[in-house]
Amino acid sequence: MQALDRASCDIIAGHYANRGHRIHARWKLAHDPVYAVTAELLRHARLPLLDIGCGIGLLGQYLHAVGVLSNYIGLDHDARKITAALAAARQGRFEQRVQLSSADVATLPATRGHVALLDVLHYLPADRQHSLLMSAATLLAPNGILVIRNVLREPNWRFHATRLEEFFLTVSGWIPGGAQHYPTAAEVRGPLESAGLDVRIESLRGRTPYNSYLIVAQPRHGADSSAVTRQPFRLADAKADAAPLDQLYSSAQSL
Ligand SMILES: C[S@@+](CC[C@H](N)C(=O)[O-])C[C@H]1O[C@@H](n2cnc3c(N)ncnc32)[C@H](O)[C@@H]1O
């Protein structure tokens with residue numbers, strides 16, 4: 001799965017009515033590999049995807065653009081972001097495949113499929129992170145994949161750069177409440193393994209200075225579990241899908 005080209009990023013960004021959201025979307029799509037990596041991981045099994053802390057629904061937009069979106073269930077406790085995500089899905093003409101709700105991570109819908117938790121964990125205190133990871137594990141289908149991306153607590157400059165960025169995100173109002181607890185790798189791995197998942201953790205920061213990691217987990221006895229948790233994942237090695245970007249261009253014509 002290759003990163004989207006600039007025109008495609010612009011088209012997705014154009015689905016957002018708010019200028020700040022457009023700038024954010026363009027920047028994320030151009031510099032952060034997390035959506036492309038998630039699409040590559042999920043494309044092998046078309047299952048419903050629960051995106052916990054979905055923000056403005058950029059992952060759903062990306063998956064739609066590359067033809068990997070089946071049924072996208074996003075939740076976020078910030079009602080403004082959910083409103084923006086819904087409007088953007090309508091603008092992209094795929095709202096029929098999207099269910100978005102304003103809710104806390106404590107009230108997850110009873111889905112069975114894949115689960116994504118991208119850059120959300122550290123906004124919860126340690127005990128809530130533990131219970132969220134345990135709950136997320138129960139929502140996986142036998143061949144479902146849990147994709148987590150998060151900053152991990154480590155003694156390096158990237159970790160401190162991340163804390164600085166989080167400070168600005170909090171004071172700007174983008175993430176009210178801000179970071180609560182930065183987990184270590186062991187704090188993420190422990191609950192997932194005790195819930196019966198195979199876990200792989202590797203660095204995933206793209207062209208950002210942040211101390212971000214990709215954590216991929218799958219039921220130990222799930223079909224083909226070795227495919228994603230036992231081999232290092234390299235975006236550059238991944239084959240490009242037949243990217244149905246014409247969907248994007250047709251929605252762009254209506255802008
Ligand atoms: C950095 S954003 C990531 C958004 C999205 N996952 C992405 O990668 O594009 C973190 C999101 O987590 C949401 N969030 C934080 N705490 C939450 C909670 N307790 N319940 C639901 N959403 C939460 C925030 O509102 C925010 O949209």
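This is a predicted model: local features need pLDDT of at least 70, side-chain atom pairs count only at pLDDT 80 or more; totals for chains, interfaces and linings use all residues.
Student: What percentage of the 255 residues in the chain is buried?

Tutor: A residue is buried if 20 or more other C-beta atoms lie within 10 Å of its own. Among the 255 residues of the chain, the buried share is 43%.

Student: And what share of the contacts with a separation of 6 or more comes from residues 24 or more positions apart?

Tutor: Take the contacts in the chain whose separation is 6 or more. Within that set, the share from residues 24 or more positions apart is 71%.

Student: Now the helices α1 and α2: are they roughly parallel or antiparallel?

Tutor: Helix α1 covers residues 6–13 and helix α2 covers residues 19–31; they pack at about 150°, with 8 Å between their axes. Angles over 145 degrees count as roughly antiparallel. That makes the arrangement of α1 and α2 roughly antiparallel.

Student: Which residues of α2 make the contact with α1?

Tutor: On the α1 side, the contact uses Cys9, Asp10, Ile12 and Ala13. By class, the contact has six nonpolar, three charged and no polar residues. The α2 side supplies Arg22, Ala25, Arg26, Leu29 and Ala30.

Student: Which residues come nearest to the ligand?

Tutor: There are 17 residues around the ligand. By class, this shell has nine nonpolar, three polar and five charged residues. Those that come nearest are Gly53, Gly55, His77, Asp78 and Leu118.

Student: Last one: is Asp119 buried or partly exposed?

Tutor: Asp119 lies in the loop between β4 (114–118) and α6 (126–138), and its phi is also positive, near 60°. To be buried, a residue needs 20 or more other C-beta atoms within 10 Å. Asp119 has 18 C-beta neighbours inside 10 Å, so it counts as partly exposed.

Note on methods:
Residues are numbered from 1 along each chain as its sequence is written. Axes are lines fitted to C-alpha atoms, for helices over the stretch in contact, and angles run from 0 to 180 degrees between N-to-C directions. Helices (H or I, at least four residues) and strands (E, at least two) are DSSP runs, numbered from the N terminus. Angles under 35 degrees count as roughly parallel, over 145 as roughly antiparallel, 65 to 115 as roughly perpendicular and the rest as oblique. Two residues are in contact if their C-beta atoms, placed from the backbone, lie within 7 Å. Ala, Val, Leu, Ile, Met, Phe, Trp, Tyr, Cys and Pro count as nonpolar, Asp, Glu, Lys and Arg as charged, and the others, Gly among them, as polar. A residue is near a molecule or strand if its C-beta atom, placed from the backbone, lies within 6 Å of it. A residue is buried if 20 or more other C-beta atoms lie within 10 Å of its own, exposed if 12 or fewer, and partly exposed in between; C-beta atoms are placed from the backbone.
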